[in-house]
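Subject: Structure for your review

Dear colleague,

Please find the structure below, together with its sequence. My notes on it follow, and I would ask you to read them with the structure open beside you.

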Amino acid sequence: MRAQFVLSEIGIGLRRNLTMTIAVVVTVAISLALFGSGLLIRAQVEAMKDFWYDKVEVSVYLCGESSQAATCGGAAVTQQQRDEIQADLEAMPEVDTVFYESQEEAYAQFREQFEDSPDLVENVTAEALPESFRVKLEDPTQFAIVASAFAQRPGVEEVQDQKALLEGFFNVLNKLQLIALIIAGVQVVAAVLLISNTIRVAAFSRRRETGIMRLVGASNLYIQLPFLLEGVLAGLVGAGFAAGALVAVKAVLVDGQLRPNFPVIAFIGWSDVLAILPWLFLTGMLLAGLSSFVTLRRHLRV
Amino acid sequence: MIRLEHVTKSYPTSTRPALDDVTVEIDKGEFVFLVGSSGSGKSTFLRLLLKEEVPTGGHVHVAGKDLHKLSSWKVPALRRSIGCVFQDFRLLPNKTVSQNVAFALEVIGKPRSVVDKVVPEVLELVGLDGKGKRMPDELSGGEQQRVAVARAFVNRPMILLADEPTGNLDPSTSVGIMKLLDRINRTGTTVVMATHDAAIVDSMRRRVVELSDGRVVRDQSRGVYGYGA
């Protein structure tokens, strides 16, 4: 096998078909960029789960003087109720730790959280905020057991699961991921058709050469390899652009915009991006290689 | 070297078979003219030898191989032992004479050292020494056909198939090509040539196989083109 010969054939083929090659590269790049985005979104969801599921708590809010809930009976929680609730919470096997937050502590945290909005802080007093038990569960998915045990108890205003707030956000991300993957799938179909058409045109424009190659006894591999490598090369270049796009998204959007504005949220790191890139190149190569191979079997038979 | 046993070839689009129960045996080193009018089956005959077509019935043996049993990945090896020349030369217009001949060696993976040595030799053999750097369109028809013969012969095949090699050439140029094919034949290469050219067949006095409507109607050693034709 003469590498120089094969390489020069590839160069000739790509130049003769420049517009088609560009179309293939662009389609593959878009398809793989969306595919990669889907994977990045999944990595983002996982990163947030890892970060938050350790920290999410179930909040058992206790009745205050102005509580409207039926379980409060229009009165604040009594000392006895409070002690019983705490004892029962600590006795539950699902519960890891219980932490009591008084109205003053809640107010302090509220002021810290909204220090940029002094108007809001001025209008709220410590009495307006509920005292609560912050409950950390052994397994954050076991919220329902705690909720059913305490939601109807006298002195409990509301049981709130922070995980439910996160889940809404995760749902949005998962839908985004699904949309990205669906568009990627459509683009994959377009890429396969384009590659197969490009290879067909290339095979047709070089039928004189391939005809002579067949006559003098060149092997199938020798005849088909330049075409196959042309497809794979276009696929790899497309994957390269897709990889560049993902790196740019991570650097400009995630690190440049999102991270400074949402410092409390855990974002994907470079290791997540680097883990995805090999898959892009592998997918691009297989996509182009397989569609070229199938086309060649139909159009360049010995 | 070549043996056809009761070979029939029908194409699905035609009611009459292109070859009908053809039995021919050609020995090593023979020079055979395949004559007959257009559509008599000459081209199909040659294509069967290359396994470009598969017979509908009967057996084709080439260079000791039964082509029916030859698996498809061994077809390239078969074709390396057969050289081909055509009426329309089939040269690559964007390559020089040398590159055209070298192409046949490169695509079967011969190393550059062999190519550099063999190509000038074969160009000299066909009478084109010194014209290696010319482009095909700078050459006359006869010279272009010599390039095609050089390409077919550069790999020293056992068999040379020629499909009307003089069909596009004037009579005096044709004589030159025939002398070249005769010289190649004298090196021990079996030559099978399909032709319409009565003058050439008559002057060479070699074996003649005549096909008509896909049947062998005459097989004559030291024959002429036709009795009445």
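Please note at the outset that this is a predicted model.

Chain B contains an open sheet of 4 strands, arranged in the order β2-β1-β4-β5 with antiparallel pairing. Which strands stand at the edges? They are β2 (19-26) and β5 (65-66) of chain B; each has a single partner strand, so one side of each is left without a neighbour in the sheet.

Strand β1 of chain B, residues 2-9, runs antiparallel to β2(B) and is joined to it by 5 bridges. To find your place in this pairing, look for R3(B), which stands opposite E25(B) in β2(B).

Strand β2 of chain B also holds D21(B). The phi of D21(B) is positive, near 55°, although the residue is other than glycine.

Helix α1 of chain B, residues 42-49, is mostly covered, with 6 of its 8 residues buried. The buried residues are K42(B), T44(B), F45(B), L46(B), L48(B) and L49(B). After α1(B) comes K51(B), which has a positive phi near 55°.

A positive phi, about 50°, is also found in D213(B), which is not a glycine. D213(B) belongs to the loop between β9 (207-212) and β10 (215-220) of chain B.

Chain A is divided into domain 1 (2-52 + 167-299) and domain 2 (55-163). The C-alpha centres of these two domains of chain A lie 51 Å apart.

How much space lies in the largest pocket? The volume is about 830 Å³. The lining of this pocket is made up of 20 residues, and those nearest its centre are W52(A), Q109(A), Q113(A), R134(A) and Q162(A). Two or more lining residues come from each of α4 (103-113), β4 (156-161) and α7 (162-205) of chain A. The largest share, 5 residues, is that of α4(A). Both domains of chain A take part, since each of them gives at least three residues to the lining. By class, the lining has 10 nonpolar, 3 polar and 7 charged residues.

**The cavities**

Rolling a probe the size of a water molecule over the atoms shows where empty space is left. In this model there are 4 cavities of 30 Å³ or more.

The largest cavity holds about 150 Å³ of space. It is lined by 17 residues, with L215(A), V216(A), I82(B), R151(B) and A152(B) nearest its centre. The elements that supply two or more of the lining residues are α8 (207-215) of chain A, together with α2 (75-80), β6 (82-86), α3 (97-106) and α5 (141-153) of chain B. Which element gives the most to this lining? It is β6(B), with 4 residues. The lining of the largest cavity consists of 12 nonpolar, 2 polar and 3 charged residues.

The second largest cavity has a volume of about 80 Å³. At least two of its lining residues come from each of α1 (3-16), α2, α7 and α9 (220-261) of chain A. Among the residues that line it are L14(A), T21(A), T198(A) and A234(A). The lining of this second cavity divides into 5 nonpolar, 5 polar and 1 charged residues.

T21(A) lies in helix α2 of chain A, residues 18-53. With a relative accessible area of 13%, T21(A) is buried.

Where does M20(A) make its contacts, leaving aside neighbours within four places in sequence? M20(A) is in contact with N197(A), T198(A) and V201(A). The C-alpha atoms of M20(A) and A202(A) are separated by 9.6 Å, while the two residues are 182 residues apart along the chain.

Yours sincerely

Terms used: Residues are numbered from 1 along each chain as its sequence is written. Chains are lettered from A and ligands numbered from 1 in the order in which they are written. This is a predicted model: local features need pLDDT of at least 70, side-chain atom pairs count only at pLDDT 80 or more; totals for chains, interfaces and linings use all residues. Side-chain values use heavy atoms; hydrogens and water are left out. Domain bounds come from an automatic or database domain assignment. On a 1 Å grid over the protein atoms alone, a cavity is a set of points where a 1.4 Å probe fits but cannot get out, and a pocket is an open set with protein on both sides within 12 Å along at least five of seven lines; lining residues have an atom within 4 Å of a point. Grid points are joined across faces, edges and corners, and a volume is the space filled by probe spheres set on the points. Ala, Val, Leu, Ile, Met, Phe, Trp, Tyr, Cys and Pro count as nonpolar, Asp, Glu, Lys and Arg as charged, and the others, Gly among them, as polar. Buried means under 20% relative accessible area, exposed over 50%, partly exposed in between (1.4 Å probe, protein chains only). Two strands pair if DSSP finds at least two bridges between them. Contact means heavy atoms within 4.5 Å.
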